[in-house]
Each structure stands twice: as C-alpha cells, then as structure tokens.
Amino acid sequence: MIDVRDLRIGNWVKQCFCNQIFRVEEIYRNGYIEGEKGEGQCKFDRIEPIPLTPEILEKCGFKYIEGQRVYRLSIDESDGVEINYSIKKGKIDFEEDSAIWFISCDPYEGHEFEWVPRSLHELQNAYYFITHEELEVKL
C-alpha cells in the first residue's frame with residue numbers, strides 16, 4: 001500500500017486486485033483517487049507501488065551502461081547531475097552504489113543524495129524534486 005501523502009498527480013500506480021497500471025489524475029479527501037482518461041476511481045488502500053525494474057527504468061529514459069553495469073539518466077550534463085542504479089546478478093542493486101547522484105563540476109558544490117527510490121512513484125517524486133519537471137514515463 002502507498003501512503004497517500006507520498007502521491008502526487010501524475011504518479012503511476014497499480015491497483016492491487018487487477019494489476020491495472022494507471023496514472024493518478026485526481027486525489028480526493030474521501031479516500032479515493034481518480035485515474036487518467038476516465039479509468040474510474042480507486043480507494044487509497046487498493047493501490048500499490050510499481051517496483052523499479054530494468055524495464056521500468058528504460059521506460060523512464062534510463063540507459064544501460066554495459067561496462068559499469070549501471071542504469072543512468074543524465075538530468076543536466078553541464079552540471080553532471082545524474083541518477084544511477086547499479087545492477088547485480090541481473091537485478092537492481094538497492095544496497096550497493098545505487099543512489100541519486102548530484103555530481104557538480106564545481107568541487108565545492110558536489111553532493112551525493114543517499115536516498116534510493118524503490119518504486120516508480122518515488123522515482124517520479126525525486127525527479128520532480130530535483131528538476132521541477134515531470135519525469136517522462138512511457139508505460
């Protein structure tokens with residue numbers, strides 16, 4: 001289950017019982033959210049996060065870097081801001097070297113953000129926090 005406080009309009013989620021994936025268009029105080037294109041309403045307690053997988057990362061624009069065994073999305077190449085997920089044994093490794101990296105060209109401004117999104121809506125929210133733009137997701 002997803003804490004409704006973590007949801008934003010535009011987040012992608014999955015209905016628990018039918019595994020239907022949909023994009024959130026409205027969030028109501030009465031315990032319901034509305035899906036895009038009239039997909040209907042769903043109760044908060046009947047949605048779950050979409051786990052991050054290599055396939056989901058690719059649908060978000062991440063590219064696999066073979067030699068480094070990492071999925072990377074460059075956000076601002078001039079500042080070196082990127083999001084990286086390392087791959088271990090064919091799966092995303094959340095424990096080792098996976099993080100949102102803020103790497104600046106200026107040595108006094110370089111940062112590393114140690115929080116790792118584990119689901120699509122968390123990745124969308126982190127991307128928005130960094131860029132103030134929506135992450136393009138092609139599901």
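In the hairpin of E1 and E2, five residues sit between the strands, and Asn19 takes a positive phi near 60°. Strands (E, at least two residues) and helices (H or I, at least four) are DSSP runs, numbered from the N terminus, and two strands pair if DSSP finds at least two bridges between them. This is a predicted model, where local features need pLDDT of at least 70 and side-chain atom pairs count only at pLDDT 80 or more, while totals for chains, interfaces and linings use all residues. Residues are numbered from 1 along each chain as its sequence is written, and side-chain values use heavy atoms, with hydrogens and water left out.

**The five-stranded sheet**

- Five strands make an open sheet, lined up as E4-E3-E2-E1-E5 with antiparallel pairing.
- The edges belong to strand E4 (41-43) and strand E5 (47-48); each has a single partner strand, so one side of each is left without a neighbour in the sheet.
- Strand E1 (residues 12-15) and strand E2 (residues 21-27) run antiparallel and are joined by three bridges, with Trp12 standing opposite Arg23 in E2.
- E2 and E3 are also antiparallel, again with three bridges, and Val24 has Gly35 in E3 as its bridge partner.
- The hairpin of E2 and E3 has four residues between the strands, and Gly31 in the turn has a positive phi of about 95°.
- Three bridges connect strand E3 (residues 32-35) with E4, and these two run antiparallel as well; here Ile33 has Cys42 in E4 as its bridge partner.
- As a general point, side chains in a regular strand alternate between the two faces of the sheet.

**Gln15, a polar residue to look up in strand E1**

- Gln15 is found in strand E1.
- Its relative accessibility is 17%, so Gln15 counts as buried; the cut-offs are under 20% relative accessible area for buried, over 50% for exposed, and partly exposed in between (1.4 Å probe, protein chains only).
- Leaving aside neighbours within four places in sequence, Gln15 is in contact (heavy atoms within 4.5 Å) with Gln20, Phe22, Cys42, Arg46 and Ile47.

**Helix H2**

- Helix H2 (residues 120-131) has twelve residues, which at 1.5 Å a residue should span 16 Å; its end C-alpha atoms are 16 Å apart, which agrees. The expected span is 1.5 Å times one less than the number of residues.
- Its buried residues are Leu120, His121, Leu123, Gln124, Asn125, Ala126, Tyr127 and Thr131.
- For background, an α-helix has 3.6 residues a turn, so residues three or four places apart point the same way.

**The nonpolar cores**

- The largest nonpolar core has 17 residues, and Cys60, Phe62, Tyr85, Leu120 and Leu123 have the most contacts inside it. A nonpolar core is a set of buried Ala, Val, Leu, Ile, Met, Phe, Trp, Tyr and Cys residues joined through side-chain atoms within 4.5 Å.
- Two or more residues come from each of helix H1 (54-59), strand E7 (70-76), strand E8 (81-88) and H2.
- H2 gives the largest share of this core, three residues.
- Another core, of nine residues, lies apart from it, and includes Val13, Phe22, Val24 and Cys42.

**Salt bridges**

- The structure holds five salt bridges, each a side-chain nitrogen of Lys or Arg within 4 Å of a carboxyl oxygen of Asp or Glu.
- One of them pairs the side chains of Glu134 and Arg8 (3.0 Å, N to O). Glu134 lies in the segment after H2 and Arg8 in the segment before E1, so this pair ties together parts that are 126 residues apart in sequence.
- Glu134 itself is partly exposed, with a relative accessible area of 37%.
- Lys14 and Glu48 meet in another (3.4 Å, N to O). Lys14 is in strand E1 and Glu48 in strand E5, so the pair ties together parts that are 34 residues apart in sequence.
- In that pair, Lys14 counts as buried at 17% relative accessibility, whereas Glu48 counts as partly exposed at 22%.
- Lys138 and Glu136 also pair up through their side chains (3.6 Å, N to O); Lys138 is exposed at 57% relative accessible area, and Glu136 counts as exposed at 53%.
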